[in-house]
Amino acid sequence: MNLTAEKRTFTLVVVTAGTSEPSSTKLLAQRTAQRVTELAQRRGNEVQTHFIGLRELATEITTALVTSLAGPKLQEAVAALGKADGLVAGTPVYKAGASGLFTSFFQTLEDDLLIAKPVVLAATAGTARHALVVDEQMRSLFGYLRSVVAPTSLFAAPEDWSDPALNKRIDRAALELLLLMESGFAEQIRNESWQSYRHEFASDGETALDVDFGSDLMRLAAGGSAT
Amino acid sequence: MQFGVFSVSDITRDPVSGQTPSEAERIDAVVQIAQKAEEVGLDVFAIGEHHNPPFFSSSPTTLLAFIAARTKRLILSTATTLITTNDPVRIAEEYAMLQHLSQGRVDLMLGRGNTAPVYPWFGQDIRQGLPLALENYNLLHRLWRDDVVDWEGKFRTPLQGFTAVPRPLDCVPPFVWHGSIRTPEIAEQAAYYGDGFFANHIFWPKEHFMRLIRFYRQRYAHHGHGTEKQAIVGLGGQAYIAKRSQDAIAEFRPYFNEAPVYGNGPAMEDFMESTPLSVGSPQEVIDKTLTFREHFGDYQRQLFLIDHAGLPLKTVLNQLDLLGEEVVPTLRKELAAKRDPEAAAAPTHASLVEAKYGDQPPRQPRPNANRGDNVTGSSPYQDSDPALQARYPSP
């Protein structure tokens, strides 16, 4: 802990696919975000949290899936994720998998939106028998998106809400996420290695406008030959 | 500024009558639509290319040649010609032929095609779609400009001492538009050759296309063809017009709701909000179309999609009346008044001939006598450069 260092502000985005109010998924994700904020404060930093409830975006998400047309709320969510230093992503488990709303949302995103960004994954379910959904299913989705998933994933079945061990896991995951955000890993990847990842043109606003004119395809476009 | 219509050649069930036109009916309807486009004073008719149902347009040059014979003024174009699965040699030959028959009233829009199974039907692979498109166009560009082509690439059989016949009309190749929704390499190729760039932004929010067109304009200037404002830009659009706004909305909604591509998705009002679709009175369509210039700069060609989603022929012809009588004349006037004097005029065969020859008569190549070996060699035409040597395969 370095108290003399300049205070830093991190942006944390919480995405949840819980649909009821109150939602246990939202509760789990919010507790995690709250813990990240407290830990950051203790270390002399600040966290600003942006909350995205996918329920409100449900129709825009399905529209985007079938037509690639992003509505205003979805665009706002994408912009928030683009600026995020870290992410808490939570979903209820339905039929032995993450909610379709949750996976659909992440499937509409550009492949490069979350590159190197740290993420804590969280899921809730009606039975402990769904516990491995987080690590066996959700982790691979975020692997595809090339984000950095914190070692500790969170899962809460009904019995966990009265078990102090859940709080311990939340603490662990929150510290992992905070340390990953503090490390500046995502920013450094962006600054030093961004072009080595595959991007769609203009996927990321101005950044992806830096076109590599030395690529094989660009040389072919300018009358050269294919290699 | 050119105005016109483009059709994807879909044969779609009319959701109101429940009837699906036969192929014969739809092909006949498209010919009538093209003729009507000329009658109401539009400049361009463009047809897509598809090789699977529910589309009919597998042979665009045949259709366009027929329309050329029935019209006098209309420019015939494509939307798009598949530069991936067509052999560039056949594109060079077929469109040069069409250019002669239509007396220069032809240009092309090139696209890759995004239906994966089509590629293997023609011996290609969609995973190679982009390099294939780029290489094929590099070859096509040469075939229309060099009398004799020696060529070797990655995807096609090499050519040795090959002459694409007929040579383009007046030895001025058809103008080419490169269509792309997201690929900077295609915009770069358009810019490199000084060709046009067409952004069919009808399904997506404009922001994507604004960046791509800005990129194309910058590269057009970079490659020395003129200023950014002089680059040649075309845009798609989609309209349904009625005298009264509420009639347009009520009449078009059932077609919108079941339209291929975006049907069963967003609400029509949301789609109008974030895409170029305008459904409304002539004035509303005019107002919406005028915003395109504000977003993309002065441009040279505006094509409207008006005949898809099962809209019956009678309705489409009525749309053309409204477009030609009440929308396009005002757009021409308003866009001309706002136009930057630096912006280029829309390219035509006449303007390209003038740019190439000035006051001189265009070249009219006359072949040398057949030597009996079916190989014309390095000097196929009476005025070919005798210094040019063709490379032949070693025996």
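Start by selecting Asp87(B), which counts as partly exposed, with a relative accessibility of 26%. Keep in mind as you look around that this is a predicted model. You'll find Asp87(B) in the loop between β4 (81-82) and α3 (88-101) of chain B. Now show side chains and look for Val89(B): its backbone nitrogen sits 3.0 Å from a polar atom of the Asp87(B) side chain. For a sense of scale, draw a distance from Asp87(B) to Tyr220(B). These two are 133 residues apart along the chain, and their C-alpha atoms are separated by 27 Å.

Next stop: another Asp, this time in chain A. Select Asp212(A), in the loop between α7 (185-193) and α8 (216-221) of chain A. Buried, exposed or partly exposed: which one is Asp212(A)? Partly exposed, at 46% relative accessibility. Its side chain reaches the backbone nitrogen of Gly214(A) at 2.9 Å. Then try a distance from Asp212(A) to Val93(A): 42 Å from C-alpha to C-alpha, for residues 119 apart in sequence.

Time to go inside. Select residues 118-124 of chain A, which make up strand β5. Seven of its seven residues are buried, so the strand is largely enclosed by the rest of the structure.

Which strands pair with β5(A)?

- Strand β3 (residues 86-94) of chain A pairs with β5(A) in the parallel sense over six bridges. Look for Pro92(A) opposite Thr124(A).
- Strand β6 (residues 148-149) of chain A runs parallel to β5(A) and is joined to it by two bridges. Here Val148(A) is the bridge partner of Pro118(A).
- Strand β7 (residues 154-156) of chain A is also a parallel partner of β5(A), over three bridges. Find Leu154(A) opposite Ala122(A).

Now zoom out and colour the two chains separately, so that you can see where they meet. How many residues does each chain bring to the contact? Chain B gives 30 and chain A gives 24. Together they bury about 2,200 Å², with 65% of that on carbon and sulfur atoms.

Look for charges across the contact. There is one salt bridge between chain B and chain A. To see it, select Glu110(A) and Arg182(B), whose closest N and O atoms are 2.8 Å apart. On chain B's side of the contact, four helices each supply at least two residues: α5 (129-143), α6 (184-193), α7 (206-222) and α9 (268-274). The residues on that side divide into 15 nonpolar, seven polar and eight charged.

For a last stop, pick Asn138(B), in helix α5 of chain B. Asn138(B) has a relative accessible area of 9%, which makes it buried. Show its neighbours: leaving out residues up to four places away in sequence, Asn138(B) touches Leu220(A), Gly223(A) and Gly224(A) in the other chain, plus Gln189(B) and Tyr193(B) in its own. Its side chain also makes a polar contact of 3.0 Å with the side chain of Gln189(B).

Definitions and conventions:
Residues are numbered from 1 along each chain as its sequence is written. Chains are lettered from A and ligands numbered from 1 in the order in which they are written. This is a predicted model: local features need pLDDT of at least 70, side-chain atom pairs count only at pLDDT 80 or more; totals for chains, interfaces and linings use all residues. Side-chain values use heavy atoms; hydrogens and water are left out. Contact means heavy atoms within 4.5 Å. Buried area is the accessible area (1.4 Å probe) that two parts lose on being put together, summed over both. A salt bridge is a side-chain nitrogen of Lys or Arg within 4 Å of a carboxyl oxygen of Asp or Glu. Ala, Val, Leu, Ile, Met, Phe, Trp, Tyr, Cys and Pro count as nonpolar, Asp, Glu, Lys and Arg as charged, and the others, Gly among them, as polar. Buried means under 20% relative accessible area, exposed over 50%, partly exposed in between (1.4 Å probe, protein chains only). Two strands pair if DSSP finds at least two bridges between them. A polar contact is a pair of N or O atoms within 3.5 Å; within protein, one must be able to donate a hydrogen and the other to accept it, and residues adjacent in sequence count only if both atoms are side-chain atoms.
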